[in-house]
Amino acid sequence: MDNRRKIDLIAADKTTIWHPFTQMAEWAADDPSRPLIIAAGKGVYLYDADGKKYIDGVSSLWVTLHGHRKKKIDDAIKRQVGRISHSTFLGLTHEPAIRLAGELLALAPGNLRRVFYSDNGSTAVEIALKMAYQYWKQSVPGSKRNTFLSLENAYHGDTIGSVSVGGMDLFHAKFRSLLFKTCHVPSPYCYRCSARARRVGGSRAGGIPFQRHCRRLGCRGECLAAAEKILKGRRGEIAAAVVEPLVQGAAGMLTMPHGYLAAFEKLCRKHDVLLICDEVATGFGRTGKMFAVEHEGVKPDFLCLSKGITGGYLPLAATLTTEKVYRAFLGRHEEFKTFFHGHTYTANPLGCAAALANLRIFADEKVLKKLPRKIDHLTAELSTLLSLPHVGEIRQRGLMAGIELVKDAKTREPFAAQDKIGARVCAACRPRGLILRPLGNVVVVLPPLSITEREITTIVRILRTAIPEAVRG
Ligand SMILES: *Cc1c(COP(=O)(O)O)cnc(C)c1O
């Protein structure tokens, strides 16, 4: 692209567009040669308007699995375009959605029997919340279950319902008075434990069971105990508990100690509360298994899927649930037990065709089988960063990692917001050919599953220079 055209496009962006999660005053005031215009992608690489290539180190915000321009997905979409690109799912059906539902159910925990489609992660969660609420109304006459249990540091999307169960003050506190009431309990973020007054240790404990992990940190699992207290004390009020299994992504890749999720599920069962697992980020191989719940044999009542579902090509989402929940919505037309919810682009055929190709690639290319070596390699490489000053904690589950930078590694004092340390590290990676996007003071490394060990080494090598450079300022 010639330079004139590039500068014009950037100027037009700055006068017409409002970008997501972006301070537009800074955006507009930035150098006229920025932002980067992405013109193409191939494999794990992105190409800017000048043809310079970068590793896509965050999978285009956690969605790309097999790389860009993956032939099997490109072809599947083109074939579907040749038939039809969209028809409504209200009152009609189509083959790609039917086949995809069957395949998703075959992969998901066996108790899940029904698929409800939508088109993004927030709606996948919103649908689970509404279904859970309506389920109780219709299956237990006089039900007073009108609230949800969720975790601090949770992120479930940006719509008002999904924000209501969110637990990140930065994104959610402003809207509190608009939101429905939920019970927030501390999350197992051991590096900065909020369940106890004093900090109790790191969450780097890999592999050891939750109780033992707690004993080692000298805690009594107060975070889980807080959940139990609410579930017990507010019996009959809570419709469902919602959790991001294994990793609270948006809060900074907060990894849960092993066994926490299974223990959390057990509490839900004991106190007769539905369990919603939001696998929008962790689904589709991200944690090393197809779904994160598999690591602990957890069988949720709702499984929310989006992000990776189309291999990172098109917006699509699915909320899977059980036959028991589904049956509570059956009745005669005039009983109005219907689930009155649906988005215009629900089950878009192009999205479903891409998702089918995505799942085919998992099977044909033995994607999951190839992951353990890459995951171990990432662990080994990242561990070399621990010796850098200002690296507080490195958290990883599968090909999902966060490096928490701190002002002082001993006291764990965080960098101030105005230090923009995460953004500065990512900016320092840019000229070295790596695109990352941070979460506050946490540098996220979340490459496509198709990345090679050598490319993982490159990512970490770049970070080894970029982190000290950014800290120096
Ligand atoms: C990204 C994300 C969402 C929201 O998905 P959108 O498609 O951005 O609406 C919900 N839950 C989790 C865990 C996510 O990571």
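Visitor: What makes β5 and β6 count as paired strands, and how do they run?

Guide: Two strands pair if DSSP finds at least two bridges between them. L151 stands opposite V185 in β6. Strands here are DSSP runs of E of at least two residues, and helices are runs of H or I of at least four, numbered from the N terminus. This is a predicted model, where local features need pLDDT of at least 70, side-chain atom pairs count only at pLDDT 80 or more, and totals for chains, interfaces and linings use all residues. Residues are numbered from 1 along each chain as its sequence is written, and side-chain values use heavy atoms, without hydrogens and water.

Visitor: Why is β6 called an edge strand?

Guide: The open sheet has the order β4-β12-β11-β10-β7-β5-β6, with mixed pairing. The edge strands, β4 (112-118) and β6 (182-185), each pair on one side only.

Visitor: What makes the meeting of E404 and R192 a salt bridge?

Guide: The term requires a side-chain nitrogen of Lys or Arg within 4 Å of a carboxyl oxygen of Asp or Glu. The N to O distance for E404 and R192 is 2.8 Å, so the pair qualifies.

Visitor: What is the area buried between domain 1 and domain 2?

Guide: About 3000 Å², with carbon and sulfur atoms giving 57%. Buried area is the accessible area (1.4 Å probe) that two parts lose on being put together, summed over both. R397, M400 and R412 supply 28% of the area that domain 1 buries against domain 2.
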